[in-house]
Amino acid sequence: MTLRVIHGGRGSADLMPGLLITGASEVVTMAGGIRRGDDQDDPAVFRAADVGGTDAPDAPVVACWEGRVVGVGPRDAVVASLAAEGLPASRFARLDADGGTVTPGLVDPHTHLLFAGTREGELRLRQRGAGYLDILAAGGGILSTVAATRAATEDELLAHGRRWLDEMLAHGATTVEVKSGYGLDPATELRLLHVAGTLSEEGPLDVVPTYLGAHAVPPEFRSQPDAADAYVRSIIHDQLPLVAAQGIARFCDVFCEEGIFTVAQSRAVLEAARDVGIEPRLHADEIAPSGGAELAAELGAVSADHLAAPSDEGIDALALAADTDRPVVATLLPATTWFLMAHHYAPARRLIERGVPVALATDFNPGTSPTPNLALVMTVACLELGLTPSEALAAVTVNAAHALGLGEEIGSLEPDRQADLVIWRVPTHLQIPYYPGANLVRTVIKRGQPILERG
Ligand code: NIG
Ligand code: FE
């Protein structure tokens with residue numbers, strides 16, 4: 001087995017402008033927009049077996065041109081229509097999927113990629129019965145990562161970011177949301193967002209930066225009686241204006257949870273962020289019903305994340321929002337519930353039945369979910385949330401793209417979308433979650449260029 005990671009995959013002039021992917025058993029397009037209700041289970045797939053096999057004239061292909069998808073469907077028809085548009089077959093490099101499955105590149109819409117240090121000791125504490133919030137209250141958890149991250153240099157954070165983005169890429173991710181939140185002071189929060197920006201510029205993956213100053217109350221505020229309120233004021237006056245002025249965050253997130261930040265504090269931060277042009281998303285109802293889902297709906301947040309313990313009212317609020325043209329995506333993080341050894345998984349089936357679009361993410365972070373593997377998250381979602389494999393794939397492609405406000409750009413294979421895709425070494429997408437923890441990725445293509453190949 002050889003693994004080749006080809007960096008700097010931004011497209012270079014001496015390469016062919018076109019790429020034609022043939023030989024796929026399945027091309028899963030996820031075309032047709034955000035998935036909700038019964039549609040979440042519809043992957044919009046072309047199957048070679050239905051048209052005479054992978055060599056048949058109608059066998060499904062994907063054509064990319066200068067970084068974008070220009071054709072998906074039966075081979076001869078796609079090739080003829082491209083030629084008619086002035087894109088002759090001779091200008092397309094061929095890539096044989098060898099009977100594999102082609103899907104959109106995976107989108108990981110919730111990670112805490114950037115931190116220093118590790119927290120493997122907390123696993124032992126949890127095995128002995130300690131709760132996540134107990135460990136945090138005792139100065140461990142997020143706060144121990146904050147201490148290590150404040151002490152890390154920009155170069156150290158960059159090296160760490162590159163290493164784990166490579167792991168995410170190796171498991172099929174082509175776009176990754178990255179939060180700050182382990183600085184909790186202006187200098188470190190800015191450093192983290194700068195590192196996220198540098199990683200995105202370096203490529204080949206796209207990084208979507210989120211400012212999470214409201215991840216926890218930092219130690220220097222904790223001795224005050226109104227510590228959380230004082231820190232919220234400092235976020236709004238000392239951090240947000242700098243983040244906004246530098247244009248380095250697309251979203252603002254808050255850990256809205258009993259014992260962390262209240263709904264009122266979360267609303268204050270997210271409204272102040274929106275006032276300076278940074279859109280809200282939030283950690284909502286991870287551990288207990290805390291009004292997070294309701295707040296996400298009230299603010300029209302692009303996504304409400306975790307939702308392992310939403311109230312009935314919170315689910316009602318998301319269901320109401322789902323009926324509008326700006327639904328709040330429920331981004332579920334089942335690997336976190338699993339790794340925390342908690343037993344209340346998010347009510348995914350109820351959310352889907354109520355028409356709420358469901359996405360999945362790794363939540364990659366050193367405390368609650370140190371996995372970079374979105375395919376493994378799909379497996380956990382099938383086993384513990386009751387998602388079908390097709391629903392889980394929609395959740396890490398088209399719906400994950402919508403959870404980042406990028407649904408018109410990535411997450412599906414249809415004309416004009418960015419040509420981000422994965423060829424898997426299995427004949428159907430139903431097998432992606434079927435082999436837990438296996439790496440089934442054969443080739444990753446970003447902006448029409450192969451950036452990873454496994455021989
Ligand atoms: O999404 N819950 C808050 N934040 C992260 C965990 C962060 C940590 O424990 O370091 C999460 O699970
Ligand atoms: Fe998180």
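User: Which residue in β5 stands opposite isoleucine 21, and how should I read such a pairing?

Analyst: As a general idea, the strands of a sheet pair through backbone hydrogen bonds, either in a parallel or in an antiparallel way. In this model, which is predicted, isoleucine 21 stands opposite valine 62 in β5. The strands concerned are β2 (residues 18–22) and β5 (residues 60–65), which pair in the antiparallel sense over four bridges.

User: What is the order of the strands in the open sheet of four strands, and which are its edge strands?

Analyst: The order is β6-β5-β2-β7, and the pairing within this open sheet is mixed. Its edge strands are β6 (68–74) and β7 (92–96), each of which pairs on one side only, while the twist from one strand to the next averages 20°. Helix α1 (residues 75–84) lies across β2, β5, β6 and β7, and its direction makes an angle of about 140° with β6.

User: Which strands pair with β8, and in what sense?

Analyst: Strand β3 (residues 26–28) runs parallel to β8 and is joined to it by two bridges, with valine 27 opposite valine 102 in β8. Strand β18 (residues 421–424) pairs with β8 in the antiparallel sense over four bridges, and there threonine 101 stands opposite tryptophan 424.

User: Why does threonine 103 count as buried, and what does it touch?

Analyst: The general idea is that a residue is called buried when its relative accessible area is under 20%. Threonine 103, which has its place in strand β8 (residues 101–104), counts as buried because its relative accessibility is 0%. Leaving aside residues up to four places away in sequence, threonine 103 touches Val28, Leu393, Leu413, Leu421, Val422, Trp424 and Ile432. With tryptophan 424, the side chain of threonine 103 also makes a polar contact of 2.8 Å.

User: How should I read arginine 267: why is it called partly exposed?

Analyst: Partly exposed covers the range between the buried limit of 20% and the exposed limit of 50%. Arginine 267 falls in this class because its relative accessible area is 26%. Arginine 267 lies in helix α8 (residues 263–275) and, not counting residues up to four places away in sequence, touches Leu295, Glu298 and Leu299. Its side chain makes a polar contact of 2.8 Å with the side chain of glutamate 298.

User: Which residues coordinate the iron ion (ligand 2), and how are they spaced along the chain?

Analyst: The general idea is to list the donor atoms and then to ask where in the chain they come from. Here the iron ion (ligand 2) is coordinated by His110 (NE2), His112 (NE2), His283 (NE2) and Asp363 (OD), at 2.1 to 2.3 Å, and these donors follow the spacing H-x1-H-x170-H-x79-D. Histidine 112 and histidine 283 are both buried.

User: Which residues come nearest to ligand 1, and which side chains place a polar atom by one of its oxygen atoms?

Analyst: Of the 16 residues around ligand 1, those that come nearest are Arg119, Tyr132, Tyr182, Glu286 and Thr368. A polar side-chain atom of tyrosine 132 lies 2.6 Å from an oxygen atom of ligand 1. For histidine 306 the corresponding distance to an oxygen atom of ligand 1 is 2.8 Å, and for aspartate 363 it is 2.8 Å.

Terms used
Residues numbered from 1 in each chain as written. Chains lettered and ligands numbered in written order. Predicted model: local features only at pLDDT ≥ 70, side-chain atom pairs only at ≥ 80, totals over all residues. Heavy atoms only, no water. Donors = N, O, S within 2.8 Å, 3.2 Å for Na, K, Ca; no water. Buried < 20%, exposed > 50% of the residue type's maximum accessible area, 1.4 Å probe, protein only. Pairing = 2+ DSSP bridges. Axes fitted to C-alpha atoms, helices over the stretch in contact; angles between N-to-C directions. Contact = heavy atoms within 4.5 Å. Polar contact = N/O pair within 3.5 Å; in protein donor to acceptor, adjacent residues only side chain to side chain. Near = heavy atom within 4 Å.
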